[in-house]
Amino acid sequence: MKYSGLKGMEDILPPDIHVWQAVEATARTIFARYGFQEIRVPILESTDIFTRGIGEATDIVEKEMYTFTDKGNRSVSMRPEGTAPVVRCYVEKNLHTLASPQKYFYTGPMFRYERPQKGRFRQFYQVGAEAFGVATPAMDAEVISMLRNLLEAIGLGGLNFELNSIGCAECRPAYRQALLDFFSVKLGEYCPDCQRRYETNPLRILDCKVARCGELRQGAPTVTGHLCEGCRTHFDEVLSLLNALKVPHTLNPNLVRGLDYYTRTTFEVTSEHLGAQKAVAAGGRYDRLVEEFGGPATPAIGFAIGMERIVTLLKDQQEPVQPEPVVFVATLGKEAEIEGFRIVETLRARGIWAEQSYGAGSLKSQLRRADRIGAAFALIIGENELKAGLLQWKNMKKGEQGEVAVADVVSFFQTN
Ligand code: ATP
Ligand code: MG
């Protein structure tokens with residue numbers, strides 16, 4: 001019996017894992033500078049967290065969720081995204097009573113039953129950030145600038161920040177009507193999904209990936225033209241702050257995003273180097289969601305980065321490298337083996353990556369193993385070495401060799 005992993009669910013192995021860890025470490029460093037603290041929320045939540053938060057008539061909720069009934073007969077879902085669970089936690093744990101703003105970040109797997117393809121998986125990882133409590137454009141600009149700095153620190157170039165404002169409860173109804181009027185003219189030519197969206201959630205039609213729908217919606221009214229005074233001013237200020245911070249961006253009036261909770265500023269970061277699945281990060285303001293979840297009216301904004309797509313870009317720039325030990329200790333005979341083990345442990349305690357031979361094989365085969373794992377040095381301990389208290393070292397890459405006293409081994413490898 002041979003087992004295989006589920007479709008769309010990937011194993012992440014060395015050396016790739018080191019690219020993942022480097023990205024995560026950089027993200028933590030940047031988040032700390034901006035006062036974003038880590039929050040860990042469960043992978044499994046009550047299904048209504050997502051139906052309510054993301055919206056019933058979104059692709060995620062309609063077709064992509066891993067939903068099942070648990071043994072207690074409750075409907076639960078594997079989180080398809082991080083914002084709804086974080087907001088659930090924010091309200092449940094009364095985080096609004098803490099000093100405002102509250103800024104959080106998270107990392108972890110998300111689950112969506114999508115058709116697996118390049119850059120699209122059923123289990124994928126996001127690094128995300130959420131800031132609660134500030135309604136002014138300064139927070140929009142701070143979050144977007146942080147995302148830019150984070151992606152730059154990770155080493156990504158060729159990125160484009162696309163921005164839009166999708167308005168608020170005040171201006172959305174008139175825009176919705178304008179869209180309905182536009183779509184109704186050729187409604188029969190849109191895909192069946194869009195015809196359904198026309199009834200349930202016409203804004204979603206702007207997000208449809210079907211090519212024909214893309215052609216049909218050419219010339220559709222843009223939300224930008226329908227913003228109320230408040231949303232217009234807010235958006236203009238966000239843009240001028242981004243200009244002041246020299247965050248390059250372009251306006252994309254069709255950027256509506258696939259989740260219902262967004263208000264005002266929405267954004268997406270795309271890479272020219274990714275092909276069809278080109279969005280590496282996306283986010284926006286969600287000023288109504290905390291209230292919708294039963295908390296006090298609290299403005300908020302956040303984003304999520306798609307880890308797989310980031311790692312793909314980084315791997316295209318540079319092959320991931322397999323880290324290599326500093327020293328491999330080869331031993332001959334039982335006594336040498338014990339002394340070797342002791343030295344390996346001493347080196348490790350002093351912060352040096354050392355490997356032992358586990359008492360196996362001839363000196364030749366041990367050195368072959370040292371070479372195979374890429375050790376920079378081999379340290380050889382036989383009977384004579386043991387007696388003299390002088391060990392032989394060999395630089396595996398340069399072929400040089402010499403002797404080092406047992407007492408000096410740590411300092412030898414700390415300086416070499
Ligand atoms: P897309 O348009 O690519 O479907 P989305 O709008 O569904 O993205 P969000 O829900 O905003 O994406 O998630 C933010 C980021 O997470 C995306 O920009 C992308 O990098 C990543 N992402 C989303 N879905 C997947 C997936 N199935 N596999 C891998 N990464 C994903
Ligand atoms: Mg999607």
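Helices α1 and α11 cross in a right-handed sense (the near helix is turned clockwise from the far one by less than a right angle). In this predicted model, local features need pLDDT of at least 70 and side-chain atom pairs count only at pLDDT 80 or more, while totals for chains, interfaces and linings use all residues. Residues are numbered from 1 along each chain, and side-chain values use heavy atoms, without hydrogens and water.

The axes of α1 (residues 16–33) and α11 (residues 307–317) come within 10 Å and cross at roughly 115°. The two helices are therefore roughly perpendicular (65 to 115 degrees). Helices are DSSP runs of H or I with at least four residues. Axes are lines fitted to C-alpha atoms over the stretch in contact, with angles from 0 to 180 degrees between N-to-C directions. In α1, Asp 16, Val 19, Trp 20, Val 23 and Glu 24 meet α11 residues including Met 307, Ile 310 and Leu 314 (contact: heavy atoms within 4.5 Å).

Helices α5 (residues 137–154) and α9 (residues 229–244) have axes that come within 8 Å and cross at roughly 45°. Their arrangement is therefore oblique. This crossing of α5 and α9 is also right-handed.

Ligand 1 has 16 residues around it (a heavy atom within 4 Å). Arg 112, Glu 114, Phe 121, Arg 257 and Ala 279 come nearest. Polar contacts are pairs of N or O atoms within 3.5 Å. A side-chain N or O atom of Arg 120 lies 3.0 Å from a ligand 1 oxygen. For Gln 126, a polar side-chain atom is 3.0 Å from an oxygen atom of ligand 1. Ala 279 uses a backbone N or O atom, 2.8 Å from a ligand 1 oxygen.

Methods. Chains are lettered from A and ligands numbered from 1 in the order in which they are written. Angles under 35 degrees count as roughly parallel, over 145 as roughly antiparallel, 65 to 115 as roughly perpendicular and the rest as oblique. A polar contact is a pair of N or O atoms within 3.5 Å; within protein, one must be able to donate a hydrogen and the other to accept it, and residues adjacent in sequence count only if both atoms are side-chain atoms.
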